[in-house]
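A pair of aromatic rings is described by the distance of the centres and the angle of the planes.

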Amino acid sequence: MHCTLLKNVFFAATLVFVGQPIFADAADINFGTAAPANNMVVYWGADAYKSGYGLDTGFAYALNGDILSSGWVLSGNMGYAYSFDRASSPRSSTKALSGSALIGYQWQTSDYYIATYLGADFVNNDENPVGTSDGFEAGVMGVLGFETKRQNAPYVEVNAAYSTANDRMYGRLRGGYKTNQLKFGAEFTAYDEKDSDEAFRYGAFVGDIPVGRMSMTLSGGYHDDQSTSANSGYYGQIEFSVPLSAPSL
């Protein structure tokens with residue numbers, strides 16, 4: 001069952017790099033030319049599928065004072081997820097609270113973006129009935145993100161994350177096209193966690209949708225739970241990010 005909530009448990013943490021491409025583009029695509037004073041991005045989102053949902057919020061802060069330039073970045077985030085197993089009798093469920101504090105380095109060019117992060121991560125699972133992954137677990141998390149930035153050109157995004165807390169893994173590949181207004185295409189996502197079967201998602205996305213000063217990304221498709229078909233079904237996800245000017249450290 002845990003693989004079905006892994007996307008939500010990792011949601012906030014992976015937005016460190018999933019969100020980085022969003023806000024790397026959001027300032028120059030959705031909000032006009034970004035001012036160097038934008039040294040911080042706040043992001044949040046929600047995720048739902050047949051057997052659960054997740055919420056998240058977080059921030060990324062550029063130590064060099066410009067979130068759109070190469071340099072060191074601090075990030076903090078929190079996520080909550082609820083998942084239940086439709087195949088179990090009586091029905092089992094899990095509530096999960098997760099968070100991470102990471103430091104990373106981002107490389108920004110006119111054509112692409114690369115980021116790597118490393119830091120501390122935790123997850124607290126409240127399982128009913130109690131299972132092998134119940135309780136608090138802390139560990140080390142590493143993340144990697146890559147995104148192309150050229151406009152009116154093919155678009156590729158690759159993201160990966162691993163945490164030693166419950167041996168959690170996440171990966172997502174997006175491919176499509178990027179205009180001077182939007183990016184869109186297909187996505188494939190995979191998750192795994194200790195003592196669980198994998199879960200895969202096949203879907204489509206539309207990103208860089210302007211909503212005032214915010215940038216919005218929508219995605220949806222089919223969630224394929226490898227443990228049981230009872231938990232498989234459609235999924236939907238919404239992400240927001242907004243650049244801010246915060247006091248310098």
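Predicted model: local features only at pLDDT ≥ 70, side-chain atom pairs only at ≥ 80, totals over all residues.

Begin with Tyr53, Tyr80, Tyr82 and Phe84, which together make up one aromatic cluster. The structure as a whole holds 14 aromatic pairs. One of them joins tyrosine 82 and phenylalanine 84, with 6.1 Å from centre to centre and 40° between the planes. Tyrosine 82 has a relative accessibility of 22%, so it counts as partly exposed. Phenylalanine 84 has a relative accessible area of 13% and is therefore buried, since the cut-off for buried is under 20%.

Next, turn to tyrosine 170 and tyrosine 191. The centres of these two rings are 5.8 Å apart and the planes meet at 25°, so the pair is stacked. Tyrosine 170 belongs to strand β8, residues 168-178, and tyrosine 191 belongs to strand β9, residues 183-192. The pair therefore ties together parts that are 21 residues apart in sequence. Tyrosine 170 is buried, at 4% relative accessible area, and tyrosine 191 is buried too, at 2%.

Rings can also be looked at together with charged side chains. Arginine 174 lies over the face of phenylalanine 205, 4.5 Å from the ring centre. Arginine 201 lies over the face of tyrosine 235, also at 4.5 Å from the ring centre.

Conventions
Residues numbered from 1 in each chain as written. Heavy atoms only, no water. Phe/Tyr/Trp six-rings, centres within 6.5 Å; stacked < 30°, edge-to-face > 60°. Buried < 20%, exposed > 50% of the residue type's maximum accessible area, 1.4 Å probe, protein only. Helix = DSSP H or I, 4+ residues; strand = E, 2+ residues; numbered from the N terminus. Lys NZ or Arg CZ within 6 Å of the ring centre and 35° of its normal.
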